[in-house]
Amino acid sequence: MSAIATIGFGEAAQAFVSGWQSENGHASPGRISTFDIKVEDPSLRGDLLRACSDLGVDCAEIPGQALAGAGTVFSLVTADRALEAATRAAEFLDRDALYLDCNSCSPATKAAAAKLVEAAGAIYVDVAVMSPVHPARHRTPLLISGSSAERAERMLLDLGMKAQTAGDEVGQASSIKMLRSVMIKGFEALTAECLLAARRAGVEKAVLASLQASDPGMDWTARAAYNLERMMAHGRRRAAEMQEVAATLRELGLPDCMASATADWQRRIGELDIRTEENSLEARADAILERNLT
């Protein structure tokens, strides 16, 4: 297994690396290196260096140091930084290196990144991460597309990852992820709008009882608590993704009002930066309502 580099070393990159290191019966990566823009911020640098040290990853000061000699590059940044990451990385990519763009971006953004990567002589692969990276880590399901998707799939399987080819064109994998997110992230936003208002009005128990009666196959209280937690923990990242979802809808000639509203709710709750040990729906709703949502 040739050297691997990551662009970005946040939750997803750390989950993948820790999974590779724990895997038995599959090829082990050689050198693993990373470049993350947090290294340029004194307030974030310390935590980044500790995370890299804990996982035995070389933390580079500049992109070229991380990418030198890497046969495989995973781009794992927020959706709004994905094109910037490809731009910064392109000049340092080895010829024929696989550039796996795992970011939640619209097909048009992926196509723009692919143009940069392929002009540098590397191979671009559209990757969609189809569920949260915990607890599955490197076993999180992936969809991949592009002209070299089959080659990428073999490499990912060698690393013990769960990858499936969605097509031979860049944008096919990301389209599936983007349009799925209309429903998944939209459901989270609807949960917030419905149940925060119900809690403030003092009628949340009646609203939940009515929802439960309408759809008894779902535990509405548990799912609502989970949806709020997802927004509290990941709302800012989800907001960036939903802006790309909105762009995808516009590219398809469709209105983006639901996706844009979802992005707004995700951002509002994510920016509250709430951390609470209480896991009940009531406690999570109250923690949000105690803050200024306007």
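Asp 96 is partly exposed at 45% relative accessibility; here buried means under 20% relative accessible area, exposed over 50%, and partly exposed in between, with a 1.4 Å probe and protein chains only. The model is a predicted one: local features need pLDDT of at least 70, side-chain atom pairs count only at pLDDT 80 or more, and totals for chains, interfaces and linings use all residues. Residues are numbered from 1 along each chain as its sequence is written, and side-chain values use heavy atoms, with hydrogens and water left out.

Asp 96 sits in the loop between H4 and strand E5 (98-101). Helices (H or I, at least four residues) and strands (E, at least two) are DSSP runs, numbered from the N terminus. The phi of Asp 96 is near 70 degrees, a positive value in a residue other than glycine. Asp 273 also has a positive phi, about 55 degrees, and is not a glycine. Its place is the loop between helix H10 (257-270) and H11. Asp 273 is partly exposed, with a relative accessible area of 41%. A cis peptide bond runs from His 134 to Pro 135, with omega near 10 degrees. Pro 135 belongs to the loop between strand E6 (123-129) and strand E7 (141-145). Most residues other than glycine have a negative phi, and most peptide bonds are trans.

The strands include an open sheet of eight, in the order E3-E2-E1-E4-E5-E6-E7-E8. Its pairing is mixed. Two strands count as paired if DSSP finds at least two bridges between them. Strand E3 (58-59) and strand E8 (162-167) are the edge strands, and each pairs on one side only. Strand E1 (residues 3-7) runs parallel to strand E4 (residues 70-75), and five bridges join the pair. Within this pairing, Ala 5 stands opposite Val 73 in E4. Strands of a sheet pair through backbone hydrogen bonds, either parallel or antiparallel.

Salt bridges were then counted. The criterion is a side-chain nitrogen of Lys or Arg within 4 Å of a carboxyl oxygen of Asp or Glu. The count is 19 salt bridges. One of them joins the side chains of Arg 88 and Glu 40, at 3.2 Å from N to O. Arg 88 lies in helix H4 (residues 82-90) and Glu 40 in the loop between strand E2 (32-35) and helix H2 (42-55), so this pair ties together parts that are 48 residues apart in sequence. Both partners have intermediate accessibility: Arg 88 is partly exposed at 30%, and Glu 40 is partly exposed at 48%.

A second salt bridge links Arg 50 and Asp 47, with the closest N and O atoms 2.4 Å apart. Arg 50 and Asp 47 are three residues apart in helix H2, so about one helical turn separates them. Arg 230 and Glu 229 form another, with the closest N and O atoms 2.8 Å apart. Arg 230 is buried, at a relative accessible area of 14%, whereas Glu 229 is partly exposed at 22%. Elsewhere, salt bridges that share partners join Asp 264, Arg 267, Arg 268 and Glu 271 into one network.

The search used a 1 Å grid over the protein atoms alone: a cavity is a set of points where a 1.4 Å probe fits but cannot get out, a pocket is an open set with protein on both sides within 12 Å along at least five of seven lines, and lining residues have an atom within 4 Å of a point. Grid points are joined across faces, edges and corners, and a volume is the space filled by probe spheres set on the points.

The second largest pocket holds about 170 Å³ of space. Its lining consists of Phe 9, Gly 10, Glu 11, Gln 14, Lys 38, Leu 44, Asp 47, Leu 48 and Ala 51. Helix H1 (11-22) and H2 each give two or more residues to this lining. H2 supplies the largest share, four residues. By class, the lining has four nonpolar, two polar and three charged residues. Ala, Val, Leu, Ile, Met, Phe, Trp, Tyr, Cys and Pro count as nonpolar, Asp, Glu, Lys and Arg as charged, and the others, Gly among them, as polar.

One cavity of 30 Å³ or more was found. The largest cavity has a volume of about 30 Å³. Leu 195, Arg 199, Glu 204, Leu 281, Glu 282 and Ala 285 line this cavity.
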